[in-house]
Amino acid sequence: MEFTPEPAPSRRSRPTLRRSPVAPPRSGVCARLDALPPVEGLLRARSRLCLQPASLPVAAACLASTLAEGCTIVVEPTGAVRVLDDRTLATLVRAGSLEARAALRLAAPKECVDESDLLAVARALRLEQDLLEADVRALWSLNSLDDELVLQSFDPAAANYLLSEAITSYTEVQLSEARLPRLPRRFAGELLGSVMVEIPPGDTTVWESSVEIGVRLGPGSENRDCERTIVFDRPSATWHLGD
């Protein structure tokens with residue numbers, strides 16, 4: 001179904017020999033988690049995660065495959081609104097053929113979504129309203145603002161999962177390796193307990209057998225030392241979160 005509305009405005013593993021030369025790291029990771037109080041029409045408390053860099057289609061497919069079952073309403077840059085089942089969403093994302101500026105997850109199968117539901121999502125986005133208010137079955141929403149991804153969710157696991165994915169992807173680039181085991185979500189949740197998480201690329205060191213990632217927690221000077229360290233040990237393929 002699709003329609004097109006009017007366009008919208010731990011312990012550390014011990015490193016061995018250092019790799020030389022080391023490829024320049026990509027931009028780091030920055031995340032901020034806010035607790036949002038219940039409002040009229042949304043009686044449950046929810047959280048908001050602002051994450052960069054991040055791809056909205058990739059984030060939507062990751063969350064759809066991991067959290068509660070349902071379907072995803074996607075708003076494309078053209079204004080077209082589509083409802084996708086999980087398999088179709090994953091296929092489009094893998095092919096790199098899905099562009100989106102917003103997404104809303106519903107706790108309902110695709111067959112239970114009609115045109116009025118799509119119109120409600122398009123209207124909420126056009127009026128810059130909270131997408132979670134567009135449907136009583138909503139579980140989480142994603143919006144893309146410049147290079148920042150904004151997740152709002154009733155499930156705290158959603159924020160942990162996205163940060164885990166972001167840090168894992170960052171590490172894969174540092175090591176020039178694909179499909180590393182995911183950073184444990186409990187580690188991401190522990191880091192997000194400080195509200196702000198920043199991984200500056202200049203504080204990442206790649207060794208022959210591991211990568212050591214410095215993490216800054218909470219607000220503060222850009223020149224301050226990192227408070228925590230994430231280590232991925234290559235021989236054991238394990239993650240460690242240290243002080």
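Cys112 is partly exposed, with a relative accessible area of 45%. In this predicted model, its sulfur lies 8.2 Å from the closest cysteine sulfur, that of Cys71, which is too far for a bond. Cys30 is in none either, as the nearest cysteine sulfur, in Cys50, is 9.1 Å away. Cys30 also counts as partly exposed, at 28% relative accessibility.

Let us turn to helix α4, which covers residues 156-175. Its 20 residues should span 28 Å, and the C-alpha atoms at its ends are 30 Å apart, so the two values agree. Most of α4 is covered, with 16 of its 20 residues buried. Just beyond the helix, Ser176 has a positive phi of about 55 degrees.

Next come the salt bridges, of which the whole structure has 15. One of them pairs Arg137 with Asp135, their closest N and O atoms being 2.9 Å apart. Here Arg137 is partly exposed at 22%, while Asp135 is buried at 9% relative accessible area. Another joins Asp203 to Arg216, at 3.5 Å between the closest N and O atoms. This pair links distant parts of the chain, 13 residues apart: Asp203 is in the loop between β9 and β10, and Arg216 is in strand β11. Finally, salt bridges with shared partners connect Arg32, Asp34 and Arg48 in one network. Within it, the closest N and O atoms of Arg32 and Asp34 are 3.3 Å apart.

Definitions and conventions
Residues numbered from 1 in each chain as written. Predicted model: local features only at pLDDT ≥ 70, side-chain atom pairs only at ≥ 80, totals over all residues. Heavy atoms only, no water. Disulfide = S-S within 2.5 Å. Buried < 20%, exposed > 50% of the residue type's maximum accessible area, 1.4 Å probe, protein only. Helix = DSSP H or I, 4+ residues; strand = E, 2+ residues; numbered from the N terminus. Expected span 1.5 Å × (residues − 1). Salt bridge = Lys/Arg side-chain N within 4 Å of Asp/Glu carboxyl O.
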